[in-house]
Amino acid sequence: MLTAYDRGEGKTPGTTIWETAPQKANKSFSQSSKDNKKWAGQAQDRFANWLLEGEYVDEVASDEEDDDEDNLPDLTVEVDDEGYPCLPKGFGSLKLKYRQKVVRSIFQKSYAVITNNPRAPVPWGEVSESPAHYLDLECVPENTVVKDPSHMQKDTITAIYSHWKECARRDEPIVCFVGYRQADFYDSHGKKGGAAGKSRKKPDYVDVTSDEEQRLKKVDDGKSSSDEDEGVMDTIPIPDSCPKYHLARDIVGYLKSLSTLPSYQRLLAAVEKLPHIGYSTTMKQQLPLWASWTWSQAYLPQAIHGNMETAVAALEDLSTYQFDSRGMGRIVILGLGLLLRECCRAQEHEADEASADVPNYLGNSILGVEVGDQIEEKIAGIEAVVEALLKDANVG
């Protein structure tokens, strides 16, 4: 018997299969054959989706009265200079199905930032299974069940929008992805030399902080629907010294190049021994906006150079960030490396020799030996934590 139960507001219905003990067979019905196992796995998801859609029969019926083309609302989602979606106006006056479409569009446009591919759809099935590997969990309310917005309940949609308003008030991206599927990434530089052969393999998940260098370099092996129009797509050039440029190239090599500090190199080597995917995936933690593989600027923000409190707060966020996987550990390494590189740049800066692309604030930066020493102290503490993780896991 396939049954469902209410798990509370904002959550998908729970489903389960009740079976009697077989009298003659050795296995229960759901385990007796390959087809039965497949049915048992899929039926619960389909049942939950059917219940969710059924909740809105009355509301959808009333929405259909406004489906005349002349009455359709403007569902356009604007983006900022970095490509991140902006908070839409008039959201509260929309009916549920239009709110769902707007929220879905916001996630879609944010996914386009990390994949460099506006045509790649968000892989909602995989995102629902492992939300922390795809999304920065700070962009959704705590305890939110992440799934395709088309199936979200009204209360969940409202809570997400209220959360996004607070993010926008702090001048932060309302949605930020931290991972993507390999086949979804559009390598504009790699495609200039000609198209690669297509593959019928199912696209793999790629953690933006994972190395998997060979797979990343062969990102064209699995292609999205954008391949047919690849010559039409325009991309904004990004500096080769920023993290985003190296996202689908030499991640580990780039991390090594950020600093020659021995303790930094040791920490990187230790993080590389961690498993690709850890277990602490649902904890919501704060990291500087620039400590991300989506950061597309050659230098860190002016606030880091001009305000000691800002710099120290960023270092504190990096040093207290808890991780147990190689991918998430590399994000911390990235942030520390960018800070170390910026300290060196500030110390070596000569205004009369600086090129036109070097920001003026570098000459008055507070980053220097003192901050560099603080970073080294934090690195020693993080290294001790990672070594303990390796010892516990017996992979060191």
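A residue is called buried when its relative accessible area is under 20%, exposed when it is over 50%, and partly exposed in between (1.4 Å probe, protein chains only). Asparagine 116, at 21% relative accessibility, counts as partly exposed. The structure shown is a predicted model, in which local features need pLDDT of at least 70, side-chain atom pairs count only at pLDDT 80 or more, and totals for chains, interfaces and linings use all residues. Residues are numbered from 1 along each chain as its sequence is written, and side-chain values use heavy atoms, with hydrogens and water left out.

The protein as a whole comes next. Of its 396 residues, 45% count as buried. Its accessible surface comes to about 21,400 Å², and carbon and sulfur atoms account for 48% of that surface. Such areas come from the Shrake-Rupley method with a 1.4 Å probe; for residues, only the protein chains shown count as cover. The protein has 13 helices and 4 strands. Helices (H or I, at least four residues) and strands (E, at least two) are DSSP runs, numbered from the N terminus. A contact means heavy atoms within 4.5 Å. Among contacts between residues at least 6 apart in sequence, 75% join residues at least 24 apart.

Axes are lines fitted to C-alpha atoms, for helices over the stretch in contact, and angles run from 0 to 180 degrees between N-to-C directions. Helix H12 covers residues 326-348, and it packs with H13 at an angle of about 160°, the axes being 10 Å apart. H12 and H13 are therefore roughly antiparallel to each other. Angles under 35 degrees count as roughly parallel, over 145 as roughly antiparallel, 65 to 115 as roughly perpendicular and the rest as oblique. The crossing of H12 and H13 is left-handed. A crossing has this name if the near helix is turned anticlockwise from the far one by less than a right angle, and it is right-handed if clockwise. On the H12 side, the residues making the contact include Val332, Leu336, Leu339 and Leu340; on the H13 side, they include Val371, Ile375, Ile379 and Ile382.

H12 also packs with H9, at an angle of about 165° and with the axes 9 Å apart. H9 and H12 are therefore roughly antiparallel to each other, and their crossing is left-handed. From H9, the contact is made by Tyr264, Leu267, Leu268 and Val271. From H12, the residues in this contact include Ile333, Leu336 and Leu340.

Charged side chains give another set of links. Side chains of opposite charge can pair when their charged atoms come close. A salt bridge is a side-chain nitrogen of Lys or Arg within 4 Å of a carboxyl oxygen of Asp or Glu. By this rule the count comes to 10 salt bridges. One of them joins arginine 266 and glutamate 383, with N to O at 3.3 Å. Arginine 266 lies in helix H9 (residues 262-271) and glutamate 383 in helix H13 (residues 369-393), so the pair ties together parts that are 117 residues apart in sequence. Arginine 266 is partly exposed at 45% relative accessibility, while glutamate 383 is buried at 14%.

Glutamate 126 and arginine 181 form another salt bridge, at 3.7 Å from N to O. Glutamate 126 belongs to helix H4 (residues 124-129) and arginine 181 to strand E3 (residues 179-181), so this pair ties together parts that are 55 residues apart in sequence. Here glutamate 126 is partly exposed at 21%, and arginine 181 is buried at 16%.

Glutamate 166 forms a salt bridge with arginine 170, where the closest N and O atoms are 3.5 Å apart. Glutamate 166 is partly exposed, with a relative accessible area of 32%, and arginine 170 is also partly exposed, at 38%. A network of salt bridges links Glu166, Arg169, Arg170 and Glu172.

Two loop residues complete the tour. Asparagine 116 lies in the loop between helix H3 (96-115) and H4. Its phi is near 60°, a positive value in a residue other than glycine. Asparagine 116 and threonine 294 are 178 residues apart in sequence and 9.6 Å apart in space, C-alpha to C-alpha. Asparagine 143 lies in the loop between helix H5 (131-134) and helix H6 (154-169). The phi of asparagine 143 is near 70°, a positive value in a residue other than glycine. At 65% relative accessibility, asparagine 143 counts as exposed.
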